[in-house]
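User: I'd like to learn how to read pockets in a model. Could you walk me through it?

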Amino acid sequence: MEVLFERVAGLDIGKASLTVCVRTPGSRGRRSEVRTFSTTTRALEVMRDWLLSCGVTVAAMESTSTYWKAPFYCLEEVMEVWLANAAHIKAIPRRKTDVRDAEWIAQLLECGLVRPSFVPPPDIRRLRMLTRYRVQLMGDRTREATRLELMLEDASIKLSVVASSLTTVSARAMLNALIAGERDPAILAELAKGKMRAKIPALTEALTGHFDAGHAQLARSMLHRLELVEDALAELDAVLKAGFAPWAHQLELLQTIPGVGEKVAQVIVAETGADMSRFPTAAHLAAWAGVAPGVHESAGKHTAVGTRPGNKWLTAMLVEAAGSVGRMKGKNYLAAQHARLTARRGMSRAQVAVAHSILVSAYYMLLRDEPYRDLGPDWLARRNDEAHTRRLVAQLEKLGHNVTLDQPAA
């Protein structure tokens with residue numbers, strides 16, 4: 001095979017150590033040298049100096065858990081570094097050792113048989129870390145609220161049936177009173193505030209149960225954990241708002257898309273880098289994100305397959321945005337698309353399809369620096385009417401008729 005890069009390095013990365021294979025030109029063809037280094041910062045600096053002394057210009061490594069980050073960040077400032085999909089490299093069977101893995105990565109790299117994955121610049125990486133942590137905190141809040149609800153079910157307290165959430169001000173006031181020892185349902189129901197006061201009779205029935213000291217201890221602990229998570233979320237939101245200040249214009253553009261709020265827009269910027277020139281087309285971006293349908297063709301027959309694996313953080317947020325669009329009930333093009341596909345293919349596929357449309361819209365909006373322009377909820381019907389008209393005209397012309405279309409008077 002043709003050698004595309006003269007001096008390359010392949011890295012096989014583990015948690016405690018990494019093996020590096022350097023391939024350079026030699027008197028008898030290609031020459032390989034293999035060394036093993038620790039993954040500590042000083043050892044990585046020694047490895048970097050060795051690669052520079054060998055004249056290495058391109059290095060490749062597998063995306064092994066999060067262990068690839070330290071070597072990648074160490075090398076990216078001094079040479080071109082490729083992060084390769086581990087599944088692509090492992091697709092070809094061979095004997096499995098760390099040394100052979102490093103040699104294999106180096107051989108694939110020098111012949112151009114691996115493709116680099118997208119790794120954003122450092123400022124975007126920091127935002128990624130923060131937005132992903134926020135998703136994890138939100139998951140912690142949901143799980144803790146679910147545990148609290150299940151514990152109340154054990155005490156025959158049906159507060160979650162009447163209240164929209166156990167984290168509302170009224171619900172927390174009632175829970176704190178229960179923890180403090182109050183057991184009278186009528187007194188507890190009177191703690192309702194705002195619109196909840198209209199539900200006092202239902203609350204009185206829901207708060208009648210068998211709440212004891214054991215339940216109170218668990219509820220106190222769960223509410224404390226909820227408060228800690230919510231405080232952390234509030235602090236993180238403030239940090240994110242300051243961190244996204246340089247991308248305020250891009251966030252404003254993205255929020256013109258139906259269903260895309262501030263959090264969704266922040267995730268789109270953090271995961272894609274807001275620089276759409278990195279992706280050749282919108283189809284490449286959709287495939288990378290994991291919202292594009294897979295392709296399977298054999299013997300001229302196309303088989304329907306699911307979406308390919310992609311960026312799970314971005315996909316989850318886009319699907320969540322698509323779900324909110326689905327509740328808009330025909331107010332815009334995306335809502336009409338969601339309703340149309342839900343009727344034919346089911347809600348799950350409809351949400352993935354709408355998520356794909358949102359991401360494609362975001363690609364062109366950021367590429368062209370322009371806001372979202374909605375096609376209208378009746379665009380699909382109008383497009384199909386026009387296509388149907390064209391088909392009928394083509395059939396008549398095929399029969400030898402001359403067709404002239406007259407627009408009806410307004």
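Here we go through the pockets and their linings.

Analyst: Quick ground rules: this is a predicted model, where local features need pLDDT of at least 70, side-chain atom pairs count only at pLDDT 80 or more, and totals for chains, interfaces and linings use all residues. Residues are numbered from 1 along each chain as its sequence is written, and side-chain values use heavy atoms, with hydrogens and water left out.

User: What counts as a pocket, and which residues lie nearest the centre of the largest pocket?

Analyst: On a 1 Å grid over the protein atoms alone, a pocket is an open set of points where a 1.4 Å probe fits, with protein on both sides within 12 Å along at least five of seven lines; lining residues have an atom within 4 Å of a point. Here, 40 residues line the largest pocket, with L83, S117, F118, V119 and W288 nearest its centre. Its volume is about 1,600 Å³.

User: Which element gives the largest share of that lining?

Analyst: Helices (H or I, at least four residues) and strands (E, at least two) are DSSP runs, numbered from the N terminus. In the largest pocket, α5 leads with 7 residues. Elements giving two or more residues include β5 (80–84) and α13 (282–289).

User: And the second largest pocket, how much space lies in it?

Analyst: About 450 Å³. Its lining has 15 residues, and P293, T307, R345, R349 and V352 lie nearest the centre. The largest share, 5 residues, comes from α16, while α15 (333–345) and α16 (347–368) each supply at least two.

Technical notes:
Points joined across faces, edges and corners; volume = space filled by probe spheres on them.
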